[in-house]
Structure formats: structure tokens, C-alpha cells
Amino acid sequence: MEITHIEHIGIAVKSIEESKKYYEDVLGLKCYSIEEVKDQKVKTAFFMIGQTKIELLESTDTEGPIGKFIEKKGEGIHHIAFATNNIEDALKDAESKGVRLVDKTPRKGAEGLDIAFLHPKSTMGVLTELCEDKNKK
Ligand code: ZN
């Protein structure tokens, strides 16, 4: 597969309202979008740094993936997302190389990206997201 850049880093937070202050007031970044991804039971907030984003993830349901993550590990880095120009091929490629997939086919993530996760058991504990921006083409 061909990875073009780090699309974003996903960070689990208890409260976007609270953690936004650090990113804006201390780091001087600007939150340009807050969006709820119902299917993932999260609210997301985005900050742009070059062509990479920081994605803050706040759980909207304690039973959702971010709710469970925070309960187990607390706040912190949740996943890293790599941009690719062909997510279907990238997934096939990863699977053919023995990587366990969380998503066998891409689904819609925040910002209308096509996304799919690789299983952390196959990626040395780093939950890895692949994404493709089909809107830009
Ligand atoms: Zn993500």
C-alpha cells in the first residue's frame, strides 16, 4: 500500500469543551469543526496542523468504543490514522500480509472520509486507521 501522510491522530478525552482550551489557548491551534459520529457514539473536534489533524474524541455513550477506552486506560492517544489513495487496495494488501482487520470494508468516518481500522493485536498495540478522502478527487 501507499501511505501519503498522517491524516490525523485520534485522542480520547473526557470533555471536548475542557480539552479544547489546551489546544487553543496553549498550543494556539484553532478548532475548525465539531461533529458527532453517531455510529461510533462519539463527538469529534478537529484541529489542523500542516496537512495533519488532531481529532479529539469524546464519548456520547459509556458503552461506546471511546467510553470503554477511557474507562480502561483513561484519556490519551487512541489511534493513528494514515492517509492512502486507495483504501480498498490498502485493506486487501494488509490482509494478505496477515494483518487482522477490524473493518473488512471501508465505512464513513468523520469529515466524510472513507475509513477502516486495523486490529491493534496486529499492529503492536497501536490502533491504526486507514483513510481515503474520496471527496477531494
Ligand atoms: Zn480517526
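Here is a tour in a few stops, made on a predicted model.

**Stop 1: the zinc ion**

Which residues coordinate the zinc ion? They are His8 and His79, each through NE2, together with Glu55 and Glu129, each through OE, at 2.0 to 2.4 Å. If you read along the chain, these donors follow the spacing H-x46-E-x23-H-x49-E. Are His79 and Glu129 buried or exposed? Both His79 and Glu129 are buried. Before you leave, look at the angles among the four donor atoms: they run from 83 to 173°, and the site is irregular. A tetrahedral site would need all angles between 85 and 135 degrees, which is why this one does not count as tetrahedral.

**Stop 2**

Select residues 16-26, which make up α1. Color Ile16, Ser19, Lys20 and Tyr23: these are the buried residues of α1. They cover an arc of only 115° around the axis, so they lie on the same side of α1. Next, color Glu17, Glu18, Asp25 and Val26, which are exposed on the other side of α1.

Leu27 belongs to the loop between α1 and β2 (31-37), and with a relative accessible area of 44% it is partly exposed.

**Stop 2: helix α2**

Move on to residues 65-73, helix α2, where Ile66, Gly67, Phe69 and Ile70 are buried. The arc they cover around the axis is only 165°, which puts them on the same side of α2. Turn to the other side of α2 and you will find Glu71 and Lys72 exposed.

**Stop 3: salt bridges**

Side chains of opposite charge can pair when their charged atoms come close.

- Select Arg107 and Asp39, whose side chains meet in a salt bridge at 3.9 Å, N to O. This pair links distant parts of the chain, with Arg107 in strand β6 and Asp39 in the loop between β2 and β3 (42-49), 68 residues apart. Arg107 is partly exposed at 22% relative accessibility, while Asp39 is exposed at 56%.
- Select Lys97 and Asp93, which meet at 3.1 Å, N to O. Lys97 is exposed, with a relative accessible area of 63%, whereas Asp93 is buried, at 17%.
- Select Glu95 and Lys104, which form a salt bridge at 2.7 Å, N to O. Glu95 counts as partly exposed at 38% relative accessibility, and Lys104 as exposed at 59%.
- Select Glu7, Lys53 and Glu111 together: salt bridges link them in a network.

**Stop 5**

Glu111 has a positive phi of about 60°, although it is not a glycine. At 25% relative accessibility, Glu111 is partly exposed.

Finish at Met124, in the loop between β7 and β8. Met124 is not a glycine either, yet has a positive phi of about 55°. Met124 counts as exposed, at 77% relative accessibility.

Definitions and conventions
Residues numbered from 1 in each chain as written. Predicted model: local features only at pLDDT ≥ 70, side-chain atom pairs only at ≥ 80, totals over all residues. Heavy atoms only, no water. Donors = N, O, S within 2.8 Å, 3.2 Å for Na, K, Ca; no water. Tetrahedral: all angles 85-135°; square planar, octahedral: opposite > 155°, others 65-115°. Buried < 20%, exposed > 50% of the residue type's maximum accessible area, 1.4 Å probe, protein only. Helix = DSSP H or I, 4+ residues; strand = E, 2+ residues; numbered from the N terminus. Arc of directions from axis to C-beta. Salt bridge = Lys/Arg side-chain N within 4 Å of Asp/Glu carboxyl O.
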